[in-house]
Amino acid sequence: MKTYGFRLILSTERREEFMTLYDGKVKHTYQVLSIDIDIGIKRRLEAIGLIEQTKVEIVNQKRNGSIIIRVRGTRWAIGKTIAKGITVKEEN
């Protein structure tokens with residue numbers, strides 16, 4: 001099930017579509033809007049450079065739900081629960 005929402009940007013009065021990283025597509029690049037997960041995991045993601053406004057590319061998506069992403073040139077594997085806690089928008 002895909003979760004979509006709308007984020008209103010006041011300066012341009014334009015709506016943008018956002019989703020979780022888990023709902024993203026392979027070989028697409030996204031920009032992180034927010035990370036809403038356990039503080040310990042959030043700190044670990046910050047340590048590897050995954051913070052708000054960071055560009056993330058989905059490299060592969062496994063059947064078990066884990067996702068392989070590229071952040072700042074390095075590939076990382078994250079689980080389904082973590083990916084569902086990261087809100088992103090597609091890069092133009």
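User: Which residue in S5 does glutamate 57 stand opposite?
Analyst: Arginine 70. Before we go on, this is a predicted model, where local features need pLDDT of at least 70, side-chain atom pairs count only at pLDDT 80 or more, and totals for chains, interfaces and linings use all residues. Residues are numbered from 1 along each chain as its sequence is written, and side-chain values use heavy atoms, with hydrogens and water left out.

User: OK. How many helices and strands are there?
Analyst: Two helices and seven strands, in the order β-β-β-α-β-β-β-α-β along the sequence. Those are DSSP runs numbered from the N terminus: helices are H or I with at least four residues, strands are E with at least two.

User: Back to S5, then. Which strands does S5 pair with?
Analyst: S4 and S6. Strand S4 (residues 55-61) pairs with S5 in the antiparallel sense over five bridges, and S6 (residues 74-78) is also joined to S5 by five bridges, running antiparallel. Pairing here takes at least two DSSP bridges between the strands. On the S6 side, isoleucine 67 has isoleucine 78 as its bridge partner.

User: What do the turns look like?
Analyst: The S4-S5 hairpin has five residues between the strands, and glycine 65 in that turn has a positive phi of about 105°.

User: Is S5 mostly covered or mostly open?
Analyst: Mostly covered: four of the five residues in S5 (67-71) are buried. Buried means under 20% relative accessible area, exposed over 50%, and partly exposed in between, with a 1.4 Å probe and protein chains only. For the protein, 36% of the 92 residues count as buried.

User: Why does lysine 27 count as exposed?
Analyst: Because its relative accessibility is 70%.

User: Switching topic: what does glutamine 61 touch?
Analyst: Beyond its neighbours within four places in sequence, glutamine 61 contacts Tyr22, Gly24, Val26, Ser66 and Ile67, where contact means heavy atoms within 4.5 Å. A polar atom of the glutamine 61 side chain lies 3.2 Å from the backbone oxygen of tyrosine 22. Lysine 25 is 36 residues away from glutamine 61 in sequence, yet the C-alpha to C-alpha distance is 8.3 Å.

User: Where is glutamine 61 in the fold, and why is it called partly exposed?
Analyst: Glutamine 61 is in strand S4. It counts as partly exposed because its relative accessibility is 29%.

User: And serine 34, is that buried or exposed?
Analyst: Buried, with a relative accessible area of 17%. Serine 34 is in strand S3, and its side chain makes a polar contact with the side chain of aspartate 36 at 3.3 Å. A polar contact is a pair of N or O atoms within 3.5 Å; within protein, one must be able to donate a hydrogen and the other to accept it, and residues adjacent in sequence count only if both atoms are side-chain atoms.
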